[in-house]
Amino acid sequence: MLALSRGEEVSAAWMVAAALGSYAIGYRFYSKFIAYRVLGADKTRATPAERLDNGIDFQPTDRRVLLGHHFAAISGAGPLVGPVLAAQMGFLPGTIWIVAGVIFAGAVQDMVVLFFSTRRNGRSLGQMAREEIGPVGGAAALVAVFAIMIILLAVLALVIVNALAESPWGTFSIGMTVPIALFMGFYLRMIRPGRVAEVSLIGIGLLLLALVAGRWVAESSLADTFTLSKETLVVFMVIYAFVASVLPVWMLLAPRDYLSTFMKLGTIALLFIGVVVAAPTLKMESVTDFAGEGTGPVFAGSLFPFVFITIACGALSGFHSLISSGTTPKMVQKETQVRMIGYGSMLMESSVAIIAMIAACVLDPGLYFAMNSAPTVIGDTAQSASQAIQDFGYEITPAALQAAADSVEESTLLSRTGGAPTFALGVSDIFSNVTGDSLKAFWYHFAIMFEALFILTALDAGTRVGRFMLQDTLGNIYKPLKRVSWWPGLIGTSAVVVGLWGYFLWVGVNDPLGGINQLFPLFGITNQLLGAVALTVCTTLLIKSGRLKWAWVTGIPLIWVAVVTLTASWQKVFSDDPRVGFFAQGDVAQEGIDSGELSGQELEDAETIVTNTTVDGVLSAVFALLVVVVIVDAARVCIKSLRTPESVVSHEEPYHESSYVAPAQLLPTAEEKAELAAAGLGSGGGFLPGTGPGGGPDGGPGTGGAKDGGSS
């Protein structure tokens with residue numbers, strides 16, 4: 001603020017210091033207040049992972065591994081590309097929302113959903129809504145949550161396909177993480193139980209080797225073997241997601257996510273260090289004219305509400321609530337760990353969003369808009385792009401545009417929309433300031449591959465969560481499906497989930513206006529509408545459990561996200577601006593059809609646009625209406641519970657005393673060290689001597705726990 005008031009330049013290093021300092025304060029005080037004062041996390045209470053351990057979905061998992069899994073599962077495309085696109089509005093609005101939003105909304109949602117799901121045997125968000133709100137609001141939530149989930153998974157998969165297509169380096173390196181993760185899973189389960197630090201070092205070494213080998217492969221005769229088409233990648237991804245969703249969680253999903261977290265956090269940490277060392281100046285304005293005018297070339301719409309929709313996962317994401325009520329609550333060792341895993345993981349993701357914002361804003365604004373504007377806006381030549389950008393109020397020459405492309409060994413950077421290439425270019429700019437310009441091309445292509453790995457981990461965990469949701473939903477009709485580890489139901493529902501998002505992905509890959517491309521515009525709004533559902537469920541549970549005085553913790557974020565998302569939905573449905581409103585855009589295409597001036601491919605495209613915008617407009621209205629139904633019905637339930645507290649029915653599992661000992665945070669306290677030592681356990685924790693896990697959810701015995709100082 002001092003720099004802005006004095007008209008001085010703003011260093012990106014200041015943004016790093018402000019963000020990390022705010023995260024530290026938020027975690028130290030606010031998350032602790034919520035965990036112990038508001039929620040009442042109890043370390044003596046047995047979690048579902050301990051009581052229902054069956055070695056498939058329910059599994060007490062070392063907090064360090066679970067932190068890695070949860071972070072990897074929630075970290076999709078949002079924190080990488082959302083802030084890049086929102087940089088159109090300037091660096092200040094997005095940065096403030098990323099930092100304030102995560103501390104008071106996003107991290108709160110993730111932790112509270114994780115806590116309540118853990119108290120309810122790991123039930124999915126939709127099922128909790130049905131049980132706690134009632135048949136009307138619950139049914140609306142189930143439909144909205146599952147439909148939105150399929151759209152989100154297909155969008156994530158499309159981003160991965162676009163990143164890996166024709167990229168042998170990325171395909172090889174990411175493919176190698178699967179056998180490495182399988183090795184880590186068996187090593188930690190069978191060979192050296194509980195040796196998390198040991199297997200971590202081995203995994204890091206193998207991962208680095210895979211990254212280096214990926215470049216060797218790309219430059220060797222094997223390049224053609226690992227150069228895959230988009231169609232081939234779709235098939236491999238569907239197969240991988242299905243397998244990952246049905247295998248025991250300790251075998252592939254958890255170790256692979258844990259492994260990828262090393263690369264994710266390692267790269268982000270190096271970027272933070274690079275920013276501090278190089279201290280690049282933020283070249284983008286603090287607030288651009290597009291923030292008020294709503295006529296930006298990257299996306300249309302004013303700062304409110306669209307900057308909050310666009311950033312999404314960096315500050316608040318509904319998708320996270322699905323993970324917090326999916327895989328993670330079935331694996332957490334102690335209730336007290338929900339603070340580190342739920343709140344802490346979201347702070348880590350927000351730090352990714354800060355880096356993405358910095359990466360976009362250290363670039364020359366002219367180059368930024370040239371990369372993120374469509375060909376219809378800037379043309380397809382450097383000369384036309386330069387002229388169009390000059391009309392925006394920024395300067396960049398055709399020679400500068402070509403020089404930027406040459407520096408990263410690309411033929412052109414024009415209209416590289418979507419945010420990912422811009423993030424990669426910003427990363428290469430930051431790293432090359434430290435290592436020299438000779439490695440700029442290497443860092444650019446490394447960042448592209450890094451983004452694909454970053455997103456893929458959300459796809460496999462998301463598919464497993466989709467399976468849980470479908471089993472919970474159909475289990476209301478056919479009871480055996482509620483047993484989430486029942487093999488016939490497990491395989492059948494997994495096939496349905498991958499089949500649904502796989503279909504939309506396949507069509508989208510083969511038709512630029514079909515499949516998931518048709519639904520892609522719904523991604524941001526539906527994700528945040530899902531956040532409104534999650535916060536509604538959390539607020540309802542706080543009130544029904546007698547915590548009315550603390551309901552503001554989730555109630556205030558709920559009001560904010562509901563206002564933002566419903567406003568955005570209204571504008572997308574009813575706006576007369578064809579760049580904003582779906583139906584207005586369809587009307588423009590219909591006018592072209594009615595004029596009789598279109599023919600051939602142009603006519604077909606116009607007809608497809610009319611269909612797509614109609615579908616998008618109708619779905620936007622339907623999803624918004626479903627969320628309104630959920631909120632209104634939840635308000636009814638809350639009022640009833642306040643008037644007649646005796647009518648409240650708790651769906652929380654009864655208290656069972658825990659026989660498991662494990663630290664609450666990443667590093668054990670002195671008291672926790674003494675407790676572990678007295679039980680003869682290592683830093684990973686485990687069952688007390690002479691005890692073990694209870695029966696599995698299917699009535700059979702559990703698989704046993706680690707009694708040698710490790711964790712299962």
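The largest nonpolar core of this predicted model has 207 residues. Those with the most contacts inside this core are Ile-34, Phe-319, Leu-322, Tyr-343, Ile-358, Phe-423 and Trp-501. Helix H8, residues 135–164, gives the most to the core, with 19 residues.

**Tyr-343 in the core**
- Tyr-343 is among the residues with the most contacts inside the largest nonpolar core.
- Leaving aside residues up to four places away in sequence, Tyr-343 touches Gly-26, Tyr-27, Tyr-30, Ser-31, Ile-103, Ala-107, Val-108, Met-111 and Val-338.

**Helix H5 and its surroundings**
- The buried residues are Gly-78, Pro-79, Leu-80, Val-81, Gly-82, Pro-83, Val-84, Leu-85 and Ala-86.
- These residues pack against helices H6 (91–118), H14 (303–311), H16 (338–361), H17 (365–372), H21 (420–435) and H22 (440–475).

**Helices H25 and H28**
- The axes of helix H25 (residues 523–544) and helix H28 (residues 600–643) come within 10 Å and cross at roughly 5°.
- Because angles under 35 degrees count as roughly parallel, H25 is described as roughly parallel to H28.
- On the H25 side, the contact is made by Thr-526, Leu-529, Ala-532, Val-533, Thr-536, Thr-540, Ile-543 and Lys-544.
- H28 contributes Phe-623, Ala-624, Val-627, Val-630, Ile-631, Ala-634, Val-637, Cys-638, Ser-641 and Leu-642.
- By class, the contact of H25 with H28 comprises 13 nonpolar, 4 polar and 1 charged residues.

**Cysteines**
- A disulfide is a covalent bond between the sulfur atoms of two cysteines.
- With a cut-off of 2.5 Å between cysteine sulfur atoms, the count comes to 0 disulfides.
- Cys-313 is in no disulfide, and the nearest cysteine sulfur, that of Cys-538, is 17 Å away.
- Cys-313 is buried, with a relative accessible area of 4%.
- Cys-538 is likewise in no disulfide; for this residue the nearest cysteine sulfur is that of Cys-638, 12 Å away.
- Cys-538 counts as buried, at 2% relative accessibility.

**Val-235**
- Val-235 lies in helix H11, which covers residues 230–246.
- At 43% relative accessibility, Val-235 counts as partly exposed.
- Val-235 and Leu-505 are 270 residues apart along the chain, and their C-alpha atoms are separated by 10.0 Å.

Notes
Residues numbered from 1 in each chain as written. Predicted model: local features only at pLDDT ≥ 70, side-chain atom pairs only at ≥ 80, totals over all residues. Heavy atoms only, no water. Buried < 20%, exposed > 50% of the residue type's maximum accessible area, 1.4 Å probe, protein only. Helix = DSSP H or I, 4+ residues; strand = E, 2+ residues; numbered from the N terminus. Contact = heavy atoms within 4.5 Å. Core = buried A, V, L, I, M, F, W, Y, C linked by side-chain atoms within 4.5 Å. Axes fitted to C-alpha atoms, helices over the stretch in contact; angles between N-to-C directions. Parallel < 35°, antiparallel > 145°, perpendicular 65-115°, else oblique. Nonpolar A, V, L, I, M, F, W, Y, C, P; charged D, E, K, R; others polar.
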